[in-house]
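Subject: Structure for you to look at

Hi,

Here is the structure I promised to pass on. Please open it and keep it in view as you read.

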Amino acid sequence: MGIHLEQNQEKRKNGAVKKSIMQTLSKPLTTDFSTVRPHIKALQTDLVHWRRQLHQRPELGFQEETTAQFICDRLTAWGIIHTRSVAKTGIVATIQGTSACPPFAAPAPSHPPVLAIRADMDGLPVQEQNEVPYRSIYDGKMHACGHDGHVAIALGTAKYLNEHRDQFTGTVKIIFQPAEEGPGGAQPMIDAGVFKKS
Ligand SMILES: [Zn+2]
């Protein structure tokens, strides 16, 4: 009986949460995304450059020291708060929005939302066959899964959001995760409390 009561209460709670999310999502977005595009376009040259620099120096899981330094150098230059050495080589950057009026948060949340964006950092034990100026300088290691692109995109996102903190409410965490290809960097980052710290 007690169990049934608890289950019913849980069901009602889940239903209320679901309804609240659906109400929030069904509200029309008031953000004009046409204003975002030119800023992203302006980042294109940097994005390509970062991706190629990262492509040249692929590092295997939990050995992403140069990659981590590359990320931290940029976050530091942009004044973005970040924690490094999370689960060995991982990094968590935190960007706090300063807008008082959320564009699509209705009903108003009891506390500002936290959004996480995650990019994996590691390369693969693969010999690069490409003949491009930015090919891997390490024999037997290659960014063959696109994590160089993921890191570049996450950096560009961090830069954009940091420069437009006045246009959103809440917190964005940019998570740079090591060892996606193996032995696995997600669980060690969760164990390190990445989703617990605000
Ligand atoms: Zn991958």
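Below is what was found in it.

First, the ground rules. This is a predicted model, where local features need pLDDT of at least 70, side-chain atom pairs count only at pLDDT 80 or more, and totals for chains, interfaces and linings use all residues. Residues are numbered from 1 along each chain as its sequence is written.

**Overall**

The protein has six helices and four strands. Both are DSSP runs, numbered from the N terminus: helices are H or I with at least four residues, strands are E with at least two. From the N terminus on, the order is α-α-α-α-β-β-β-α-β-α. Of the 198 residues, 26% are buried. A residue is buried if 20 or more other C-beta atoms, placed from the backbone, lie within 10 Å of its own. Take the contacts with a separation of 6 or more: 74% of them join residues 24 or more positions apart. Contact means that the two C-beta atoms, placed from the backbone, lie within 7 Å.

**The sheet**

The four strands form an open sheet in the order E1-E2-E4-E3, with mixed pairing. Two strands pair if DSSP finds at least two bridges between them. E1 (81-86) and E3 (114-120) are the edge strands, each pairing on one side only. From one strand to the next, the twist averages 15°. Axes here are lines fitted to C-alpha atoms, for helices over the stretch in contact, and angles run from 0 to 180 degrees between N-to-C directions.

**Around E2**

E2 covers residues 90-96 and pairs with E1 in the antiparallel sense, over five bridges. Arg84 stands opposite Ile91 in E2. E1 and E2 form a hairpin, with three residues between them. Ala87 in that turn has a positive phi of about 50°. E2 also runs antiparallel to E4, joined by six bridges. There, Gln96 stands opposite Thr171 in E4.

Is E2 mostly covered or exposed? Mostly covered: five of its seven residues are buried. Helix H5 (residues 147-163) lies across E2, E3 and E4 (171-177). H5 runs at about 150° to E3.

Best wishes

How values were computed
A residue is buried if 20 or more other C-beta atoms lie within 10 Å of its own, exposed if 12 or fewer, and partly exposed in between; C-beta atoms are placed from the backbone.
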